[in-house]
Amino acid sequence: MKQIRAIIIDDEEDGREALHMATKYCPEIEVADICGSALAGLNAIEEKKPDLVFLDIQMPHMSGFEMLQQLESIDFQVIFVTAFDQYAIKAIKFSALDYLLKPVDIDELQAAVKKIFVADTNDPIDYQLQALYKNVSQNKGMLRKFAVPTLEGLLFLNVEEIIYCEAERNYTTLYLRNQRKQVVSKSLGDFEELLSGSGFYRIHHSFLVNMDHIQEYVKGDGGYVKLTDGHHADVSRRKKEQFLKQLQLF
């Protein structure tokens with residue numbers, strides 16, 4: 001079994017010790033260093049050349065995000081570790097990166113480690129982190145930069161490029177500007193959760209629409225919307241009343 005050299009960076013001693021103990025259940029992980037600050041983490045990364053960094057987000061003086069921005073290049077994988085911070089978690093998900101919630105669950109740790117190293121090691125983590133930094137800099141407004149996993153790797157989109165999303169069984173088709181589209185192996189429910197708060201609304205069990213791309217609502221039993229790319233999308237009777245309330249806000 002290939003050994004994975006890892007560094008743990010967390011300003012809280014309890015958090016460091018708990019995560020270190022949890023890594024005992026991941027025999028492929030060799031913990032090369034444990035650091036109590038972002039500055040110590042920077043030095044350890046330079047010296048130990050890790051394959052993986054477990055990085056706390058909320059640290060005094062320099063956050064985990066800010067620490068990564070100090071590095072000229074990043075040739076290791078990152079799993080963020082955080083107490084519950086909905087905005088930070090959403091920014092991480094938008095960037096197709098991984099995270100663990102404190103206190104760390106062993107099953108979730110094992111799954112995160114397995115997932116991150118089953119992925120192609122040539123995945124563009126630099127681009128993922130740039131998307132993350134852009135989203136974090138939004139000052140808790142709507143997230144804008146979006147990483148979509150594809151068969152070839154990752155497709156980076158600005159959220160405003162997505163006109164609507166359509167369910168296709170366990171897949172979702174994203175309809176984009178300039179008549180482009182992309183099939184993604186995530187459910188529409190996944191996108192509904194991820195894009196909540198970013199101007200999207202689930203108008204039907206099959207459709208999640210970008211409210212900025214609605215040109216017209218046409219009345220009917222549930223009615224339907226006309227979108228900027230020329231497509232129509234049905235509004236379900238169950239969603240109609242709440243959708244019309246949402247529409248008045250845009």
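Analyst: A residue is called buried when its relative accessible area is under 20%, exposed when that area is over 50%, and partly exposed in between. The model discussed here is a predicted one.

User: With a relative accessible area of 48%, is E193 buried, exposed or partly exposed?
Analyst: The cut-offs are under 20% for buried and over 50% for exposed. The relative accessible area of E193 is 48%, so this residue falls in the class between them and is partly exposed.

User: How many residues does the protein have, and what percentage of them is buried?
Analyst: The fold is built from eight helices and 15 strands, and its C-alpha atoms fill a box of roughly 65 × 35 × 30 Å along the principal axes. Of the 250 residues in the protein, the buried ones make up 47%.

User: Of the contacts with a separation of 6 or more, what share is accounted for by residues 24 or more positions apart?
Analyst: A contact here requires heavy atoms within 4.5 Å. Among the contacts in the protein whose separation is 6 or more, the share that belongs to residues 24 or more positions apart is 56%.

User: On how wide an arc around the axis of α2 do its buried residues lie?
Analyst: In helix α2, which spans residues 38-48, the buried residues are A38, G41, L42, A44 and I45. They are all placed on the same side of α2, because the arc they cover around the axis is only 165°.

User: Which residues are exposed on the other side of α2?
Analyst: The buried residues of α2 are covered by elements that include β1 (4-9), β2 (29-35), β3 (52-56) and α3 (64-69). Directly after the helix comes K49, with a positive phi near 50°. The exposed residues, on the other side of α2, are L39, N43, E46 and E47.

User: How many residues apart are K93 and E193, whose pair links distant parts of the chain?
Analyst: The structure holds 13 salt bridges, and one of them joins the side chains of K93 and E193 at 3.2 Å, N to O. K93 belongs to helix α4 (residues 86-94) and E193 to helix α7 (residues 188-195), so that distant parts of the chain are linked by a bridge under the cut-off of 4 Å. K93 has 30% relative accessibility and therefore counts as partly exposed.

User: Which parts are tied together by the pair D98 and K115?
Analyst: The side chains of D98 and K115 meet in a salt bridge of 3.4 Å, N to O. The two residues are 17 apart in sequence, so their pairing ties together strand β5 (residues 98-101) and helix α5 (residues 106-118).

User: At 12% relative accessibility, does D98 count as buried or exposed?
Analyst: K115, the partner of D98 in the salt bridge, has a relative accessible area of 51% and is exposed. For D98 the relative accessibility is 12%, which is under the 20% limit, and therefore D98 counts as buried.

User: Which helix holds E192, the residue that pairs with R202?
Analyst: R202 and E192 form a salt bridge through their side chains, with 2.8 Å from N to O. The pair links parts 10 residues apart, with R202 in strand β11 (residues 200-204) and E192 in helix α7. R202 is buried at a relative accessible area of 15%, while E192 is partly exposed at 30%. The helix that holds E192 is α7.

User: What is the nearest side chain of opposite charge to K239, which is buried yet has no salt bridge?
Analyst: K239 lies in helix α8 (residues 237-247), and beyond its neighbours within four places in sequence it is in contact with Y201, R202, I203 and H204. A salt bridge needs a nitrogen-oxygen distance within 4 Å. For the buried K239, the nearest side chain of opposite charge is 4.6 Å away and belongs to E192.

Terms used
Residues are numbered from 1 along each chain as its sequence is written. This is a predicted model: local features need pLDDT of at least 70, side-chain atom pairs count only at pLDDT 80 or more; totals for chains, interfaces and linings use all residues. Side-chain values use heavy atoms; hydrogens and water are left out. Buried means under 20% relative accessible area, exposed over 50%, partly exposed in between (1.4 Å probe, protein chains only). The arc is that of the directions from the helix axis to the C-beta atoms. Lys and Arg count as positive and Asp and Glu as negative; His and the chain ends are not counted.
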